[in-house]
Amino acid sequence: MTALTLVAGAVSFCGCVGEQEPPTLEWARAAPEWVVDFQHETGAAGRFHLPEIMGGGAALFDADADGDVDLYLTNGNLDSETGTPSTAGPRNAFFRNEAGRFVDATEETGLGDPGYGMGLAVGDADNDGDLDVYVANYGQDRFYTNQDGVFTDQTQRSGLGLDGWSSSATFLDFDGDGWLDLFVARYVAYVGGKRCTDAAGRDDYCGPAVFAPQPDRLFHNRGDGTFQDVSEVSGIGRGIGRALGVVAFDANGDRKIDLYVANDGDANHLWVQQADGRFVDEALLRGVAYNLAGETEAGMGVLAEDLDADGGWDLFVTHLSSETNTYYRHAGATYRDLSGPSGLAGESIPFTGFGTAAVDLDLDGALDLIVANGRVSGGFDTEAGSSRQRFVEPNHLFRNLGGGRFSPLSWHSAGISRGVATADIDNDGDDDWVVANLEGPAEVWINESPQQGHWLAVRAHLPQAHREADGAVVILEGDGRRTVRRIDRGGGYLSSSDAVARFGLGSDTGAMRLTVIWPDGSEEVFDVPGIDRVLQVSRGAGTRP
Amino acid sequence: MKSPSIAVPALLVVGVLCCAGVAPEIDTTGMEPPVRELIEARRADLNAAASAETWGALADALLAHGLNPEAAGCYAHAAELSDEPFEWLYLQALAAAGDVAGMDAAMTLLRRALELQPDHALAELRLALLLQRSARHEEAREWFELATRHDPDLQRAWRGLGQTRLALARHASAIDALERALSADPEDAAGWSAAAQAYAAGGQDEPARDAARRARRGRERAGFGDPIWDRHVLQNGVSAARLFERAQRALAAGDSATAREHVEAILRSRPQAADAHYLLGAIEAGAGNEREAGRHFERTLELNPDHVRALLDWASLAQRSGRLDEAQTRIERAQAITPLDPSIVLALAENRQRAGDLAGVIQAYERLVELRPGSDAARRNLAEARRLFDER
């Protein structure tokens with residue numbers, strides 16, 4: 001049995017390579033080949049500007065279509081006096097996966113966005129066969145289109161240059177016209193210079209409630225390189241909330257894409273798409289606006305996956321310390337907050353959760369959970385490592401025990417963790433992940449966990465659109481087992497993961513049947529010629545059920 | 001594997017040891033001067049004469065300013081030295097529970113307190129809330145039931161009882177408890193939210209939708225009336241943040257003199273505190289001193305041009321004195337800051353109505369219907385405005 005491998009960045013938070021204990025996880029070994037030369041910076045200088053503590057995101061995607069995933073990381077860049085974004089400082093960084101190591105290719109790809117980087121959304125928005133990138137900034141957002149691995153800033157032309165403070169974003173084809181639309185979660189109208197203190201009068205970061213919430217935005221892709229803001233007509237613009245996380249999925253089983261938005265201190269939104277294409281917030285009615293106690297929580301990261309293997313999408317939201325991370329289990333038309341019985345509540349109360357991802361780490365057929373933690377209050381001076389250290393918290397990995405129950409493993413990372421992105425970085429069949437740390441190095445974790453058996457990864461292609469089928473659902477049946485997975489790059493916190501449906505099969509090697517529900521709601525069945533491989537399926541090549 | 005729960009007993013032990021013998025050293029770096037002075041004075045009293053009262057008084061000052069672990073240790077000493085330790089144990093539990101690692105210790109302390117005063121509804125409620133927070137719903141339900149039995153007027157206990165019954169999938173009895181809670185506080189958003197889920201789970205779709213609507217319109221309650229907390233902790237808060245809280249509480253209770261006293265104390269140490277100027281304006285407005293109120297709202301807006309409440313209250317004063325154009329400007333400014341706030345759209349409608357601008361009224365109500373599509377009142381008002389407009 002092998003181990004989970006952590007590769008921390010070249011520079012640790014105290015700036016002293018090799019002087020501290022390497023980060024560890026129970027199943028860990030070091031693997032220096034995946035080191036990323038990246039240091040997240042915010043420009044913090046003791047002025048307590050809210051953007052300083054929100055961190056950044058990571059995206060894992062195959063930017064150059066060479067069959068392996070590359071890595072893109074956002075970086076901060078603040079004018080410490082005014083709290084406004086600055087362009088004179090660190091930029092976002094892009095790393096190309098070259099034969100088993102990440103090489104800095106920021107300059108040659110054109111992805112060195114100078115804004116104050118928050119979230120990343122990845123998708124082939126122009127249907128030309130390669131993946132484009134939307135950068136959600138504190139400041140003006142940016143949209144980059146990809147041509148053979150080189151990116152061009154199309155912000156102006158596309159109409160996607162939102163200003164203010166965007167957090168997470170996700171591409172989705174909400175109207176089924178074959179073009180990827182865009183949802184952008186918006187946080188607060190931040191104003192620098194407001195002084196906030198703790199109960200004893202010591203300066204501290206203001207909470208989000210001090211600033212006005214911003215309505216989220218939905219953009220329709222016209223298919224000609226431009227987008228139309230449809231927030232108002234779609235109903236999305238009616239929501240009030242300080243949004244940090246978003247996931248697009250079919251919440252009510254009508255084969256239309258819905259949206260779940262995690263808000264920081266406000267009721268969450270579940271935008272359910274109606275027959276006429278408009279969205280109505282049904283979060284309260286379906287039991288996912290508040291926690292079980294009817295309280296709003298500080299929603300950060302969010303995911304929608306079948307965590308209890310009953311065929312329905314469950315929701316999981318990470319929260320502030322003193323709150324639980326919340327597990328909303330799918331129960332017919334509604335959801336139930338079953339955080340307590342799941343084992344996910346108690347362990348999370350002391351910690352502030354941000355990034356999260358659901359991956360079958362040990363390939364036993366059940367989705368495990370990754371949660372990245374790191375505090376947000378108490379103030380730190382970047383010059384003083386000791387005070388900064390107080391923000392560092394252990395991250396969590398929850399093993400899925402089946403039946404909606406989880407068991408925790410915590411691991412100690414070097415940083416104040418925020419975004420998490422997943423993909424099979426080393427192409428060995430299981431999911432690995434990257435943690436984006438605040439004011440610190442990014443960490444690449446290579447999964448070599450004690451694996452339970454076989455696997456199958458499915459990539460779904462839309463030939464007419466020349467792109468992968470983001471938003472498709474893949475169902476694998478065999479040996480009395482039925483497993484559902486979504487193909488989605490979004491979810492989590494500020495991050496974007498690889499779009500693949502990965503199935504852990506355990507010891508199952510028998511005959512299997514694969515069904516794909518395409519983003520427009522149509523369905524096809526495919527043969528499974530073998531396992532322990534990546535299976536490519538194309539729309540039109542299967543049979544109608 | 002690191003287990004955070006290891007820290008639970010440690011918190012209590014460390015707290016006790018830090019206070020043994022003499023007053024503990026407290027790091028007051030960065031604290032506001034009144035807080036520092038209060039803590040130092042209480043330490044001096046304790047060093048002069050150690051007793052349950054002096055340990056407790058220091059603990060009160062510490063807890064009032066968020067120094068929970070230190071406060072917990074000092075309360076432990078107060079409880080040891082006291083012949084009637086119930087309140088010290090109770091407060092020690094609250095101090096321990098303020099730290100996320102101290103919840104188990106807090107529950108143990110509350111059980112000890114309840115051995116001394118078995119029917120104390122507040123202690124039962126506090127224990128139930130901690131159990132609920134720990135997802136121990138069956139135990140929480142039992143304690144909520146005891147609290148409602150010993151104090152049937154304890155609204156928070158009825159709501160908690162409903163919530164835990166909901167968690168235990170006892171939908172009918174959850175609705176009973178929630179209806180009791182909501183009859184006592186019809187604006188309790190969390191109560192309506194739980195009721196919506198309980199109705200929906202029981203297949204009662206229409207009541208569920210109605211409850212959901214009321215939850216959206218309701219208010220989130222930060223806490224509940226606790227005379228022990230108020231006497232020991234709230235009354236000892238001297239930082240600007242705590243004084244502001246005390247001023248708001250006093251104002252809500254109709255005690256504007258005390259509210260004014262607290263706000264003036266804030267402004268002595270922080271004259272640039274926009275919220276304090278606003279509160280002073282609200283106090284003056286409540287006393288009918290509109291000129292003074294307007295002056296304070298102006299000052300608030302000088303310090304924070306985006307202060308929405310000051311903009312709206314200033315507009316309200318202007319409206320009353322017939323300066324409708326000025327009111328309009330301020331309301332529009334508030335709307336630009338928070339364009340989705342229905343109360344601002346309502347203010348806009350009212351101002352247009354006073355100005356006799358029916359087209360403006362219609363426009364405002366159209367916006368309100370967009371923001372609140374489920375509001376029958378908004379639709380009725382829009383229809384009435386349109387009818388009047390057509391009649392003209």
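**View 1. The end of helix α11 of chain B.** Just after α11(B), B:Gly203 adopts a positive phi of about 80°. Helices are DSSP runs of H or I of at least four residues, strands runs of E of at least two, numbered from the N terminus. This is a predicted model: local features need pLDDT of at least 70, side-chain atom pairs count only at pLDDT 80 or more, and totals for chains, interfaces and linings use all residues. Residues are numbered from 1 along each chain as its sequence is written, with chains lettered from A and ligands numbered from 1 in the order in which they are written.

View 2. Because 13 of the 13 residues of α11(B) are buried, the helix is largely enclosed by the rest of the structure. Buried means 20 or more other C-beta atoms within 10 Å of a residue's own, with C-beta atoms placed from the backbone.

**View 3. The side of chain B that touches chain A.** Here 42 residues of chain B are in contact with 36 residues of chain A (C-beta atoms, placed from the backbone, within 7 Å). α11(B) gives the most to this side of chain B, with 8 residues.

**View 4. An open sheet in chain A.** Its 4 strands have the order β17-β18-β19-β20, with antiparallel pairing (at least two DSSP bridges between two strands). β17 (243-249) and β20 (279-281) stand at the edges with a single partner strand each, so one side of each lacks a neighbour in the sheet. Antiparallel β17(A) and β18(A) (residues 258-263) are joined by 6 bridges. A:Phe249 stands opposite A:Asp258 in β18(A).

Key: A residue is buried if 20 or more other C-beta atoms lie within 10 Å of its own, exposed if 12 or fewer, and partly exposed in between; C-beta atoms are placed from the backbone. Two residues are in contact if their C-beta atoms, placed from the backbone, lie within 7 Å.
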